[in-house]
Amino acid sequence: SSLPLVCFYVYLHLFSSSCTDLCSCLSGVQIVDRGLKTSLVIEDDLRFEVFFKRRLQNLMYEVEKEKLDWDLIYIGRKRMQVEHPEKSVPKIHNLVEADYSYWTLGYAMSLQGARKLLAAEPLTRMLPVDEFLPVMYNKHPVSDYMEQFEKRDLKAFSAEPLLVFPTHYTGDAGYISDTETSTIWDNEKMRTDWDRARSQKTQEQAELSTEAQNSDVLQSDLDSTARDEL
């Protein structure tokens with residue numbers, strides 16, 4: 001292993017929607033309190049891609065080798081901005097600068113990044129974590145959300161291709177949402193008034209046009225091997 005990764009495993013089925021967001025915040029608290037340089041946060045409802053461990057180790061090795069200044073690296077997400085490609089990271093395979101994205105099923109977090117998120121005091125201006133993270137790396141399309149947080153300098157990236165995916169999508173047998181059918185964290189009888197018309201968390205990612213593909217990202221040998229394996 002190139003970097004020690006401390007893994008936080010988030011059990012989504014134990015919590016209501018708002019508690020799921022609290023879990024992400026508590027992961028950040030643990031990272032800061034324990035002084036963890038690099039951590040991996042994963043949810044319990046995901047599937048790993050072929051050669052997951054080797055691909056993640058290779059990615060983090062190159063991130064360290066190139067001395068990339070980073071706070072957050074998605075290893076699984078739903079890309080919401082699908083109109084144009086994201087910027088690839090020079091000299092690092094399989095990494096792009098993250099644009100507006102949903103889902104926190106898997107991500108690496110640096111100690112610096114966790115401190116930035118906690119400094120924003122997210123529990124005093126509660127947003128679903130899917131919205132909060134893009135706000136913090138200054139890529140959210142809704143200005144009303146952005147204006148609530150003055151400092152938005154989180155350095156966010158994403159693995160490309162992704163290394164983890166959800167086990168279920170909306171409409172699949174056994175699908176349960178902890179973020180779309182929300183209740184107040186300490187009152188199961190009270191529903192929230194979250195804007196579901198604007199939120200598209202539980203839907204599968206929209207199909208990318210040819211123009212929006214991240215086609216210029218450096219590809220590693222493991223990608224072609226993984227395709228052959230599948």
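Strands β2 and β6 (residues 101-110) pair in the antiparallel sense over five bridges; two strands count as paired if DSSP finds at least two bridges between them. This is a predicted model, in which local features need pLDDT of at least 70, side-chain atom pairs count only at pLDDT 80 or more, and totals for chains, interfaces and linings use all residues. Residues are numbered from 1 along each chain as its sequence is written, and side-chain values use heavy atoms, with hydrogens and water left out.

**The chain as a whole**

- The protein chain has six helices and ten strands; these are DSSP runs, numbered from the N terminus, with helices being H or I of at least four residues and strands E of at least two.
- Of the 230 residues in the protein chain, 50% count as buried, where buried means under 20% relative accessible area, exposed over 50%, and partly exposed in between (1.4 Å probe, protein chains only).
- Taking contacts between residues at least 6 apart in sequence, 76% join residues at least 24 apart; contact means heavy atoms within 4.5 Å.

**Strand β2**

- Six of the six residues in β2 (residues 38-43) are buried.
- In a regular strand the side chains alternate between the two faces of the sheet.
- Both faces of β2 are covered, with T38, L40 and I42 buried on one side and S39, V41 and E43 buried on the other.

**Strand β4 and its partners**

- Strand β4 (residues 72-79) is largely enclosed by the rest of the structure, because eight of its eight residues are buried.
- β4 and β6 run antiparallel and are joined by six bridges, with L72 opposite M109 in β6.
- β4 also runs parallel to strand β7 (residues 156-159), to which three bridges join it; here I73 stands opposite F157.

**Helix α4**

- Helix α4 (residues 129-136) is mostly covered, with eight of its eight residues buried; among them are D130 and E131, as well as F132 and L133.
- After α4 comes N138, which has a positive phi near 65°.

**Aromatic rings**

- The structure holds four aromatic pairs; rings of Phe, Tyr and Trp (its six-membered ring) pair if their centres lie within 6.5 Å, and planes under 30 degrees apart count as stacked, over 60 as edge-to-face and the rest as tilted.
- R54 lies over the face of F51, at 5.1 Å from the ring centre; a charge sits over a ring if NZ of Lys or CZ of Arg is within 6 Å of the ring centre and within 35 degrees of the ring normal.
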